[in-house]
Amino acid sequence: METVPKPSRDVPPKKNRLQAKKKKPRRYWEEETTLTAAGASPGPPGNKKRNRELRHQRPKNTNIPKKSRFSRKPQLPKKPRERRNPEPQRSLSGAQDPFPGPAPVPVEVAQKFCRIDKSKKLPHSKSKTRSRLEVAEAEEQEISIKAARSELLLAEEPGFLEGEDGEDTAKIRQVDIVEAVDIASAAKHFDLNLRQFGPYRLNYSRTGRHLAFGGRRGHVATLDWVTKRLMCEINVMEAVRDIRFLHSEALFAVAQNRWLHIYDNQGIELHCIRRCDRVTRLEFLPFHFLLATASETGFLTYLDVSVGKIVAALNARAGRLDVMTKNPYNAVIHLGHSNGTVSLWSPAMKEPLAKILCHRGGVRAVAVDSTGTYMATSGLDHQLKIFDLRGTFQPLSARTLPQGAGHLVFSQRGLLAAGMGDVVNIWAGQGKASLPSLEQPYLTHRLSGHVHGLHFCPFEDVLGVGHTGGITSMLVPGAAEPNFDGLESNPYRSQKQRQEWEVKALLEKVPAELICLDPRALAEVDVISLEQEKKERIERLGYDPEAKAPFQPKPKQKGRSSTASLVKRKRKVMDEEHRDKVRQSLEQQPQKQEKKAKPTRARPSALDRFLR
């Protein structure tokens with residue numbers, strides 16, 4: 001009987017159906033992974049059958065384990081070995097990248113977003129604390145670099161009004177600006193003729209989308225000023241002195257003739273705070289949820305609108321308070337007084353944090369820029385001054401005005417607007433956080449009535465002016481920040497997004513006790529207090545517990561080195577050291593008493609019982 005000969009090495013095995021499958025064609029961007037046999041160069045493409053047979057052959061001495069249906073251990077993908085001389089990565093076209101790696105970031109741009117001062121050395125602390133500080137510094141540096149890279153993605157750029165051939169921009173009228181801009185920007189300039197209820201005070205919401213205004217004769221209204229859609233309109237039947245939006249456009253506070261009232265966006269009265277009476281000015285701190293009120297009686301009151309409680313009621317002891325503003329950088333309240341001084345207040349202190357003598361007469365208006373660097377003041381002496389708030393509190397520039405400014409306000413990019421009678425003057429600087437130049441005004445506009453309120457609209461080149469004739473919306477090119485943070489102040493957010501943002505803001509509310517002049521000091525270590533606390537602890541215990549290294553018992557055998565026995569031995573040694581310290585202190589006490597003892601009299605007296 002004939003037997004079938006066994007296949008030798010030269011005879012190729014029979015093809016299976018799986019092996020006979022057609023090979024997937026290789027794309028032009030995929031690298032060729034097929035290795036040639038015996039390290040030889042690949043042969044001509046004509047001999048395809050022979051190459052396929054060599055590729056399907058298996059070596060003899062290879063034991064390939066069968067794949068089980070259920071594997072006991074999870075099979076993780078193996079990491080490819082790193083080559084010693086890796087080839088440079090190529091693009092789709094096959095060309096080598098001439099600029100490998102991430103693009104470099106200029107140091108000046110990254111420094112703008114950095115919040116940690118690297119000039120200060122880290123304090124000498126424990127290794128664990130020091131490692132945490134180093135990790136925080138590294139994270140801050142990485143975040144600043146990412147923020148500098150993302151700055152290139154900002155679509156909008158700020159711009160200013162420039163005259164042709166040395167033309168004075170202060171002579172350019174609002175009509176000329178409206179004719180030159182596009183239709184959407186021209187619609188932002190409008191006038192509301194409301195003479196029968198004026199003069200008016202106004203306020204924009206944080207997103208810059210809604211406007212609230214109140215007249216002296218009781219007229220209160222809020223509207224979406226972009227679409228001109230009226231939200232609510234009421235008459236409170238008494239004088240309105242000031243109006244402010246709270247954390248969102250759904251709530252606003254009105255300082256009426258007698259008490260403070262809070263309304264919703266439908267005009268429904270929600271609260272009447274009778275403890276805040278005869279209020280003249282209002283300011284809202286959004287990150288602390290605090291509503292600050294200044295009254296005729298001279299009290300500065302902080303109301304927490306999240307819980308409805310009064311946090312602090314401070315007596316300024318300076319008479320009537322009708323000049324007030326806030327510092328957006330550190331949430332400190334600035335009050336102007338009739339004796340020419342400006343005082344800085346925090347709810348954590350009963351006394352002012354600082355007092356600045358600004359004018360020879362009474363202070364009429366105060367304004368602080370968005371960076372907390374400069375403060376502008378105007379007084380009865382017709383002087384307009386700009387002060388430096390970075391610790392020196394010294395005047396940087398001054399200008400004499402013919403009528404004196406009754407209202408001042410800073411824009412997001414550092415433009416300063418002043419209301420003088422029926423004229424509004426605007427001064428500009430070189431950019432954000434720069435000193436406005438008071439030599440030549442940037443823009444000038446004359447109104448139909450006397451100015452009663454000024455406020456720049458956030459994220460829009462618009463200045464809202466409240467006067468005796470109603471409301472005027474002016475176009476001021478280059479006044480606002482062109483790019484907004486969609487997670488913080490989004491003008492186009494929906495009602496659901498507003499509710500979610502409100503919950504998040506309440507969870508991240510900053511306590512009122514943390515308001516101070518320098519908010520960066522909260523992240524620093526108070527070395528002086530630590531040393532004082534350590535000194536008091538040494539005086540209280542009679543010895544320094546950290547002077548000697550703690551006792552470490554040696555390990556023993558036969559089960560005598562358990563955790564409980566180690567703790568007992570440590571405590572025994574500590575008790576012995578403590579007894580020695582107490583014994584030494586008791587021995588030194590009689591010597592001190594002998595030195596302090598007074599010479600006894602020769603004859604005792606009845607009054608000796610009162611001596612100690």
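Five bridges join strand 11 to strand 12 (residues 299-304), and the two run antiparallel. Keep in mind that this is a predicted model.

Q: Which residue of strand 12 stands opposite Leu 290?
A: That's Asp 304.

Q: How many residues lie between strand 11 and strand 12 in their hairpin?
A: Three, and Gly 298 in that turn has a positive phi of about 90°.

Q: What about strand 10 and strand 11: how many bridges pair them?
A: Six, again in the antiparallel sense, with strand 10 covering residues 279-285.

Q: Is strand 11 mostly covered or mostly open?
A: Mostly covered: six of its six residues (290-295) are buried. Check both faces: Leu 290, Ala 292 and Ala 294 point one way, while Leu 291, Thr 293 and Ser 295 point the other way, and all are buried.

Q: Now a loop. Where is Thr 373 found?
A: In the loop between strand 18 (363-368) and strand 19 (374-379).

Q: Why does Thr 373 count as buried?
A: Buried means under 20% relative accessible area. Thr 373 has 12% relative accessibility, so it counts as buried.

Q: Which residues does Thr 373 touch, leaving out those up to four places away in sequence?
A: Phe 387, Asp 388, Leu 389 and Arg 390.

Technical notes. Residues numbered from 1 in each chain as written. Predicted model: local features only at pLDDT ≥ 70, side-chain atom pairs only at ≥ 80, totals over all residues. Heavy atoms only, no water. Buried < 20%, exposed > 50% of the residue type's maximum accessible area, 1.4 Å probe, protein only. Helix = DSSP H or I, 4+ residues; strand = E, 2+ residues; numbered from the N terminus. Pairing = 2+ DSSP bridges. Contact = heavy atoms within 4.5 Å.
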